[in-house]
Structures are given as structure tokens and as C-alpha cells.
Amino acid sequence: MRSLGMKGAWLLETSAFGDERGEFHELFRGQSLSSVCGYEFGVAQVNRSVSRRGVVRGVHFAEVPPGQAKYVTCLSGAVLDVVVDIRVGSPTYGAWDAVRLDDRRLSVFVEAGLGHAFMALTDDAGVVYLTSQEYAPQREHAIHPLDPALGIAWPDGIEPVLSEKDSVAPGLEELERRGLLPTFEECERFHRALREHPAA
């Protein structure tokens, strides 16, 4: 396990056990994640996407509270997974970090309040997301993944393929002007409450 380039994002290595029959892979272990983030990550929804090479999904985030934390694993192919600090007032506001996810037993955990995106590096890139809240479109927002203010270094030689929603999404500065970004203070308060008052 290692922290990514901002508070609230981690890269975790999961366990696999192999023998002559093949491999058994523990995709998620709640206690291991709780020991990292300090609270129980309750899974409310599990999603799977399959993307062709070049597809970019994100940058997406949900309003805090409750936001939507994500535990992201690539099951087939490969993606460049990107976490963006969009929390106004954060020491690393506007920063991003990226890691390649493939079938090599790595997962990314993204706390509520951070932005998340990925680009498929291969065809048939299959990604599974465990989320802390069910999808609520009225609370979901998108930031244009090619926003120059973010400056995400997407891989050279791969043409980005965006959904209609993401292709017309505003940039980070516009969302901040509109007051739609979470603040670092409210995210810290929300996660502190999760640690101090765990679900029964």
C-alpha cells in the first residue's frame, strides 16, 4: 500500500493465491482498507465498465456529503487511473496522480471529494468499481479531462474518446467559480465523522 500524491488516495496491492489449477484473487478485503483510511468503507453499489482503447471516463465527482468513495480494480486489459485533488483549500488543490492498473493485483481507493478518471490503454479494458454511495445523477458532476488547468498527462499516441457529457464538461476553474467543488474543510469534517462515529 502507498499513498498517492494527495491525502485520501491510496494504491493497494491485493492478494492472489495460485497453484496448478490457476489463481484465486482477493479483490477486496474490508478490514485491510479500514486499516488504511480509518473507517469502514460500506459498499453501496458495484459497477463494471468495459472500454475500448482511448476511452476516457471522468473526471467525475459527487457532492460532499456524502460524496462517493471508489475502490477501483482493473480485471482485464489496462487503464491509466487518475485521481485529481479538486477540494478547494487543499494543500494539493489542482494536483493529480496517475497509476497504471491491469491484472497485476493493484487497486486504487479514492475518498469522497476527490475527482477520478481513467483512460483505457487497451481494447476491452474491464474495470470494476465498488462505491460507497449509489449513483445519484443530481449530485454528480464532471470536469473536462483535457482541461489545461489540470494538465493531466494522458498517454501520447492515444486519441482520447470522450462521452458527450465529458466532452462538454466545464474546467476546474469554472466549477470553482460556480461553487460546485467540495472544500477540503468539509471533506475533512465528513471523514472525521466517519472515523469517530462508525456505522453500527
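1. A strand here is a DSSP run of E with at least two residues, and strands are numbered from the N terminus. With that in hand, and bearing in mind that this is a predicted model, look at Asp124, which sits in the loop between strand S11 (115-120) and strand S12 (125-131). Asp124 isn't a glycine, yet its phi is positive, about 55°. Its relative accessible area is 54%; the cut-off for exposed is over 50%, so Asp124 counts as exposed.

2. Arg105 also deserves a look. This residue has a positive phi of about 70°, again without being a glycine. You'll find Arg105 in the loop between strand S9 (96-101) and strand S10 (106-110). With a relative accessible area of 29%, Arg105 is partly exposed.

3. Next, the cis peptide bonds. One runs from Gly58 to Val59, with omega near 15°, and Val59 is part of strand S6. Another runs from Pro65 to Pro66, with omega near -5°. Pro66 belongs to the loop between S6 and strand S7 (70-76). I'd have both on screen while reading the next point.

4. How many cavities of 30 Å³ or more are there? The count comes to one, and the volume of the largest cavity is about 50 Å³. Its lining includes His60, Phe61 and Ala62, along with Gln68 and Lys70. Also in the lining are Val110, Glu111, Ala112, Gly113, Leu114 and His116. Strand S6 (residues 56-62) supplies the largest share of that lining, with three residues. Sorted by class, the lining has five nonpolar, four polar and two charged residues.

5. Helix H4 (residues 184-196) passes a simple length check.

6. Which residues of H4 are buried? They are Phe184, Cys187, Glu188, Phe190 and His191. Looking down the axis of H4, these buried residues fall within an arc of 165°, so they line one face of the helix. As background, an α-helix has 3.6 residues a turn, so residues three or four places apart point the same way. Glu185 and Glu196 are exposed on the other side of H4. Note that Glu188 is on the buried list, whereas Glu185 is exposed.

Note on methods
Residues numbered from 1 in each chain as written. Predicted model: local features only at pLDDT ≥ 70, side-chain atom pairs only at ≥ 80, totals over all residues. Heavy atoms only, no water. 1 Å grid on protein atoms, 1.4 Å probe; cavity = no way out; pocket = protein on both sides within 12 Å on 5 of 7 lines; lining within 4 Å. Points joined across faces, edges and corners; volume = space filled by probe spheres on them. Helix = DSSP H or I, 4+ residues; strand = E, 2+ residues; numbered from the N terminus. Nonpolar A, V, L, I, M, F, W, Y, C, P; charged D, E, K, R; others polar. Buried < 20%, exposed > 50% of the residue type's maximum accessible area, 1.4 Å probe, protein only. Arc of directions from axis to C-beta.
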